[in-house]
Amino acid sequence: MSAKEEEELELRQTHEALSTILTDDGAFEAVLTAVFGNIDWKCDGTVDNQELERYIGDACEGMGLAPPMTGQVQGIFHQLDLNNDQAISREELAVFLRHFFQQQVKFCALKLHLPRGP
C-alpha cells in the first residue's frame with residue numbers, strides 16, 4: 001500500500017469513527033468518560049489548571065514534543081472553563097470535545113472530497 005493510500009485509509013477510518021461518536025450518544029459518553037477520567041487524576045469531578053497542564057504535558061511527551069509553556073496551558077484552561085469558576089466540568093469538556101470532533105470530521109471530509117457532515 002502506498003503512503004497516499006495509507007493516508008486515505010487513515011482519514012476514512014478517522015472520519016467514520018468520529019462520525020459514529022458524534023451520532024451515537026452512548027459512544028460519545030464513553031469517550032467523554034475516558035478522556036475526563038484521564039485528565040481528572042485527583043478524581044474530584046473537575047479538572048483544575050494543574051491537572052490540565054499535566055495531561056497536556058504528558059500528551060506532548062508521548063508525541064515527542066516539548067510541553068507548552070504555563071501561559072499557553074492557562075489560555076487553554078480559560079477557553080475550556082466556560083463559566084469561569086476555575087474548574088473544567090465534565091459538561092464543559094463535552095462542549096469542547098464535540099466541537100473538536102466536528103472539526104476533525106470536516107477536515108477528513110475535505111481531504112477525502114466527501115460531503116461535510118454536521
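Trainee: Let's start with glutamate 5: what is its relative accessible area, and does that make it buried, exposed or partly exposed?
Mentor: Keep in mind that we're looking at a predicted model. Glutamate 5 is found in helix α1, which covers residues 3-23. Buried would need under 20% and exposed over 50%. Glutamate 5 falls in between, so it is partly exposed, at 47%.

Trainee: Which residues gather with glutamate 5 in a patch of negative charge on the surface?
Mentor: To join a patch, a residue needs over 30% relative accessible area and no salt bridge. Glutamate 5 has 47%. The patch of negative charge is made up of Glu5, Glu6, Glu7 and Glu10.

Trainee: Where do arginine 12 and glutamate 8 lie, and how many residues apart are they?
Mentor: Both are partly exposed, with arginine 12 at 37% and glutamate 8 at 36%. They both lie in helix α1, and their spacing is about one turn of the helix. That puts them at four residues apart.

Trainee: What about arginine 90 and glutamate 29: how many residues apart in sequence are the parts they tie together?
Mentor: Their side chains meet in a salt bridge, 3.0 Å from N to O. Arginine 90 lies in helix α5 (residues 90-112) and glutamate 29 in helix α2 (residues 25-39), so the pair ties together parts that are 61 residues apart in sequence.

Trainee: How many salt bridges does the count come to?
Mentor: Besides the arginine 12 pair with glutamate 8 and the arginine 90 pair with glutamate 29, aspartate 48 and lysine 42 meet at 2.5 Å, N to O. Lysine 42 is partly exposed, at 34%. The count comes to three salt bridges.

Trainee: How far apart in space are glutamate 91 and leucine 32, C-alpha to C-alpha?
Mentor: Glutamate 91 sits in helix α5 and is exposed, with a relative accessible area of 56%. In sequence, glutamate 91 and leucine 32 are 59 residues apart. In space, the C-alpha to C-alpha figure is 9.2 Å.

Trainee: I was eyeing the cysteines: how many disulfides does a search of the whole structure find?
Mentor: A disulfide needs two cysteine sulfur atoms within 2.5 Å. Cysteine 43 counts as exposed at 66% relative accessibility, whereas cysteine 108 is buried at 2%. For disulfides, the search of the whole structure finds zero.

Trainee: Stepping back, how many helices and strands are there in the protein chain?
Mentor: From the N terminus on, the elements run α-α-α-α-α. The C-alpha trace spans about 45 × 35 × 20 Å along its principal axes. The tally is five helices and zero strands.

Trainee: Last one: what percentage of the residues in the protein chain is buried?
Mentor: Cysteine 108 is one of the buried residues, with a relative accessible area of 2%. The chain has 118 residues, and the buried part makes up 29%.

Key
Residues are numbered from 1 along each chain as its sequence is written. This is a predicted model: local features need pLDDT of at least 70, side-chain atom pairs count only at pLDDT 80 or more; totals for chains, interfaces and linings use all residues. Side-chain values use heavy atoms; hydrogens and water are left out. Patches are made of residues with over 30% relative accessible area and no salt bridge: like charges are joined within 9 Å, nonpolar side chains (Val, Leu, Ile, Met, Phe, Trp, Tyr) within 5 Å. Accessible areas come from the Shrake-Rupley method with a 1.4 Å probe; for residues, only the protein chains shown count as cover. A salt bridge is a side-chain nitrogen of Lys or Arg within 4 Å of a carboxyl oxygen of Asp or Glu. Lys and Arg count as positive and Asp and Glu as negative; His and the chain ends are not counted. The place of a charge is taken as NZ of Lys, CZ of Arg, CG of Asp or CD of Glu. Helices (H or I, at least four residues) and strands (E, at least two) are DSSP runs, numbered from the N terminus. Buried means under 20% relative accessible area, exposed over 50%, partly exposed in between (1.4 Å probe, protein chains only).
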